[in-house]
Amino acid sequence: MASVCFYFQVHQPHRLRHYTVFDDHDRYFDDHKNAVICRKVADKCYLPMNRLLLDLIRRHEGRFKVAFSLTGVVLEQFERFCPEVLSTFHALAETGCVEFIGETYYHSLSFLYSRREFLSQVRKHSELMESLFGQRPRVFRNTELIYNNELASLIESTGDFDGIITEGADHILRGRTPNFVYRPVGCERIKLLLKNYALSDDIAFRFSNRGWPEWPLMADKFAGWVHEVNGGGQVVNLFMDYETFGEHQWQDTGIFDFMRQLPTEILRHPDDNFKTPSEVIAAYEPVDRMDVPHLISWADTERDLSAWLGNSMQSNALHEVYRLESQVKKTESDMLLRDWRWLLASDHFYYMCTKYFADGDVHKYFNPYDSPYESYINFMNVLDHLRRRCVRHLKGGSAKGASSGNAAPALQKIC
Amino acid sequence: MRVFMLGWEFPPFISGGLGTACYGLTRALDREGVQVTFVLPKMVESDPSTHVKMLSPSSPRRRTWHEYADLKHVKFRTIHSALDPYGTPETYRERIEKCLRQKRLVHGEKAPETTTLEANYAGDMYSEVHRYAAMAVELAEGEDFDVVHAHDWMTYPAGIAVAASRGRPLVVHVHSTEFDRSGEHVNQRIYEIEREGMERADKVIAVSYFTRNIIIGRYGISGDKVEVVYNGLDRNGNWPLSQTGIRTDGRIVLFLGRITMQKGPEYFLGAAKKVLEVMDNVKFVMAGSGDMMQRTIEMAAAMGIGSKVLFTGFLRGDDVQRIYKMADLYVMPSVSEPFGIAPLEALGHDVPVIISKQSGVSEVLMHALKVDFWDVDEIANKIIAVLKYPPLQMTLRSHGNFEVRKLRWQDAARKCVQVYREALSTVAV
């Protein structure tokens, strides 16, 4: 028996506008740019793919299943900029074949810097999922699949989750296969699902690569590879950015046709099926302990934190933004807290990455800035202003915090 | 491969990027085994070096040359001429007149050299350029070479003449154009000379795509024959790390270059004023001289930042090293910069740089802050960020220093050899 477990990551950050040291206002975020990007990706990916998934779920009468992890900040943007996307997610939730996974509401690296903030974001996200989709997440994924033993213990200690998802990095597997369920070292109850990066990346990265010997990748061929897992594994975890469909791999690559055909081809083998992460956890017992003393992630070939913490600008910016936590919280201002939390999104630090910058690669594609330096300067200017606002607020004289240019999304009121 | 190169300036008398580029390229060609006959103008009276003094100025066609120990395949030939790489018709006239005055002071009205001088140097720059061409043809008679390579407009007529008289292909190397130097107030005669040089050349080398676009767009040259060869940076071992003792407790932002319209000194001042509105302990150093120097000094005073802007005049040798040692940041707000070697040198000295997007060097540097030269607010924003956030300075410095090490004259020389080959094959067909 081989189960295919799809999980799609859906996220868009609140991008900053150009903000110089001479600016003195609290409209930090570029509503226009964020709206344009959100609508563009909605048209190319979220809407057509959601419709396709709905269609597949209906056609296969409950045998095709997927899972999503939607960040709080992307849902805020859907609500403001393209509410029709939100309604297609509602429709998906109602099929009963879609699981929603827990994560940090703000797509933050808070696990590394503030446990208090981390747990509060995880809780806020779970509440949002419950209020929007009627299900409380039982499986957790940390931002960028950042993971170690400590995270597993912390998540287990909350009692809210049955499993965690992370990267099936070679150096933690040490020759073992990602196609089983594992148990984290130090945990008694919680289970670990590992991304099968080879098969995931065949879809997410290599699909349209004409230099790849397997190109063009057809659904029957891929289903064959999945079927080969039988005997040597129980589950194939295909985890990827949702934007793979239509945005990273354009429609004309045939990615939608591939997905339309895939369930039929997988289910052609009577031994194979689809399961959501919770179903995988319920169905299979851990075969071994997984020891991950050092932090891993799903990024780049290094599978480490260097995409967010690789240079001194990144560590400085992260350090400075988290240093502001107690001050921001002391103000008890919703606007200050929201602005600060929007700055925690890992994307802001990813933009500052100098790794591979000179070669101009995938990092550049996702970067709204011309260079990592521009993004650092912009971020630090905003942070500096936020700090001054906090000081002003705590001194008691600020009416400015209330006059934000970004309307408070209703999603926040839901929670 | 044998090259007849019409170039400019050699150490220790280098006054700008053109001389640096000719030197760097020639050294690298030498290492590639290319035989270079390097021809350059020298004004006898202003030159203090010993080998020139041995000459008799009364012999107008006398050639002079000497060899640099590390250059195995390079021969030098100088032609007596008052041409200098950054001359304009006006400065040329001044230079000649000053020279004549000095002669008269020393020797009286009837000094014999005076007449020789007048005979040697044409009265205006355009005639001088053509006189230089005639001298070059004569000089080339005794030389064997495969290709003629001419650097910037004053040597184009010489390049054309030598190539034609000897039936060799011509390569012209464009380090700057009249549009860079003069904006839209183009000197038509210079433009004509530049265009003729590019048209008559079998191959044109541009120092950047920025310049290549000007060559194609403004001079109407076919893109097929315009190749881009980026300049490099020579690192002669480690630069001396001696303490200067000049350092104040404040920060230093450096402008280093000729103070001319092309280099955008007024934008530097504009940004300085903005920075000083929010930061106090910063000094702005303008190292260089040029026709806008006086105006720039007055402008700084009028803006009320006179005490914060220091002018050092033209620096050379150790003084340049010293000023880089002192600087926290180098800013190049050029209005139109075909390449821009100075930012590479700054990075080589571990000084982070802000460079204008209107420059060739911004095509090759990734680890630099880039601005539109006119965007004074943004220049100030970036200057403040570098001074305020040490991690930014640190990251720019370490990556930048690593990046410039990859820009080597050797690669430029190899590309030039490739261009020579193509020039030869076009002539053969």
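Predicted model: local features only at pLDDT ≥ 70, side-chain atom pairs only at ≥ 80, totals over all residues.
**From a helix start to the chain contact**

At the start of helix α8(A), a side-chain oxygen of Asn196(A) comes to within 3.3 Å of the backbone nitrogen of Ala198(A). Helix α8 of chain A spans residues 197-204, and because six of its eight residues are buried, the helix is largely enclosed by the rest of the structure. The buried residues are Leu199(A), Ser200(A), Asp201(A), Asp202(A), Ile203(A) and Ala204(A), and what covers them includes the strands β7 (191-195) and β8 (235-241) together with the helices α9 (219-227) and α10 (255-268), which belong to chain A.

Around this helix, chain A as a whole is built from 19 helices and 10 strands, and buried residues account for 61% of its 415 residues. When contacts in chain A between residues at least 6 apart in sequence are considered, 77% of them join residues that are at least 24 apart.

Strand β3 itself, residues 74-80 of chain B, is mostly covered, with six of its seven residues buried.

How much area is buried between chain A and chain B? The value is about 1800 Å², and carbon and sulfur atoms give 65% of it. On the side of chain A, Phe22(A), Tyr373(A) and Ile377(A) supply 35% of the area that this chain buries against chain B, more than any other three residues. In terms of residues, the contact takes 20 from chain A and 22 from chain B.

The polar part of this contact can be described as well. Between chain A and chain B there are nine residue pairs in polar contact, both residues being at pLDDT 80 or more, and there are two salt bridges. One of these salt bridges links Lys382(B) to Glu374(A), with the closest N and O atoms 2.8 Å apart. The elements of chain A that give two or more residues to the side touching chain B are α13 (312-323) and α18 (372-395), and α18(A) provides the largest share of that side, seven residues. Sorted by class, the side of chain A that touches chain B has nine nonpolar, seven polar and four charged residues.

How values were computed. Residues numbered from 1 in each chain as written. Chains lettered and ligands numbered in written order. Heavy atoms only, no water. Buried < 20%, exposed > 50% of the residue type's maximum accessible area, 1.4 Å probe, protein only. Helix = DSSP H or I, 4+ residues; strand = E, 2+ residues; numbered from the N terminus. Contact = heavy atoms within 4.5 Å. Buried area = accessible area lost by both parts, 1.4 Å probe. Salt bridge = Lys/Arg side-chain N within 4 Å of Asp/Glu carboxyl O. Polar contact = N/O pair within 3.5 Å; in protein donor to acceptor, adjacent residues only side chain to side chain. Nonpolar A, V, L, I, M, F, W, Y, C, P; charged D, E, K, R; others polar.
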